[in-house]
Amino acid sequence: MKTITIEGQLRTELGKKATRQLRSQELVPGVIYGGAQEVNFYAPARDFKSLVYTGEFQLAEVKLNGNTHKCILKDLQFDKVSDALNHIDLLELVEDKKVIANLPLKFTGAAAGVKAGGKLMLKMKSIKVKTLPKYLKEAIEVDVTNLELNGNIRVQDIKADNMEILNSPRISVASVVLTRQLKQEEAVAPTTPTTPAPAPATAAKAAPAKEEKKK
């Protein structure tokens, strides 16, 4: 699994003033929790780019004063005006302690429904799992080969060994829908002739003329 190395420093001063000073120097404050103790640190903003601006699931090794913390990304805060990274939360991985993580889905195979003229619709990019750190992986594969027209693959159909999937099992992950062209072809396809409808009934007799008003 891809691992990003971050060289940081422990924070000795906390509070808004110290935090503003760090950000003015293009340093990002962060916190590492989940281990023996919570660790406050900071590192150059450029060191976080490969970890933050990607759709991949990656590990982070944060080196602080000779110690290395193996972590996964948990939360981010951005500046509302500049959109710059303001703060980062990392979860330290402990060998015998389960973690919750969002793992990307990797779709494989050519769906049977697509070969029949349909369109593959991918409805989820990742799923939430609970597992031990040793079972974490870059992505969970989902084979769509047997997915037919109007068919669905749901969360409950995903195979993830040694993991507990936390998403609702009935949520659709991928489906194959009819394309506009296929719908049009079905609309103009010849149909079985039907018995002609009976002729409309004869119109009702005209109502009798009103009696002439007496003078």
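Biologist: Let's start with strands β2 and β3. How many bridges join them, and do they run parallel or antiparallel?

Modeller: The general idea is that strands of a sheet pair through backbone hydrogen bonds, either parallel or antiparallel. In this predicted model, β2 (residues 27–33) and β3 (residues 39–44) run antiparallel and are joined by six bridges. You can follow the pairing residue by residue: Ile32 stands opposite Val39 in β3, and Gly30 has Phe41 of β3 as its bridge partner.

Biologist: What should I look for in the hairpin of β2 and β3?

Modeller: Look at the residues between the strands, five in this hairpin. Gly34 takes a positive phi there, near 100 degrees.

Biologist: Which other strand pairs with β3 here?

Modeller: Strand β1 (residues 3–10) does, running antiparallel to β3 with two bridges. On that side, Gln9 stands opposite Tyr42 of β3.

Biologist: In what order do the strands of the closed barrel run?

Modeller: Read the order as β1-β3-β2-β6-β5-β4, six strands with mixed pairing. From one strand to the next, the twist averages 45 degrees. Helix α1 (residues 16–24) packs on the sheet, where it touches β2, β3 and β6 (85–92). The direction of α1 makes about 125 degrees with that of β2.

Biologist: Back to β3, then. Is Ala43 buried or exposed?

Modeller: A general point before the answer: in a regular strand the side chains alternate between the two faces of the sheet. As for Ala43, which sits in strand β3, its relative accessible area is 1%, so it is buried, the cut-off being under 20%.

Biologist: Which residues is Ala43 in contact with, leaving aside its neighbours within four places in sequence?

Modeller: Those are Ile6, Glu7, Gly8, Leu27, Val28 and Phe48. For a distance to check on screen, take Gly30: it is 13 residues from Ala43 along the chain, and their C-alpha atoms are separated by 8.1 Å.

Biologist: Can we try the reading on Val129? Where is Val129 found?

Modeller: Val129 lies in strand β9 (residues 126–131). Its relative accessibility is 0%, so it counts as buried. Ile100 is 29 residues away from Val129 in sequence, yet the two are 5.6 Å apart in space, C-alpha to C-alpha. Not counting residues up to four places away, Val129 touches several others, among them Val99, Ala101, Ile140 and Met163.

Biologist: One more strand, please. Why is β13 described as largely enclosed by the rest of the structure?

Modeller: Because five of the seven residues of β13 (residues 172–178) are buried. To see its partners, look at two antiparallel pairings. Strand β8 (residues 118–122) pairs with β13 over five bridges, and Lys119 has Val177 as its bridge partner there. Strand β11 (residues 152–154) pairs with β13 over three bridges, with Asn152 opposite Ser175.

Methods
Residues are numbered from 1 along each chain as its sequence is written. This is a predicted model: local features need pLDDT of at least 70, side-chain atom pairs count only at pLDDT 80 or more; totals for chains, interfaces and linings use all residues. Side-chain values use heavy atoms; hydrogens and water are left out. Two strands pair if DSSP finds at least two bridges between them. Helices (H or I, at least four residues) and strands (E, at least two) are DSSP runs, numbered from the N terminus. Axes are lines fitted to C-alpha atoms, for helices over the stretch in contact, and angles run from 0 to 180 degrees between N-to-C directions. Contact means heavy atoms within 4.5 Å. Buried means under 20% relative accessible area, exposed over 50%, partly exposed in between (1.4 Å probe, protein chains only).
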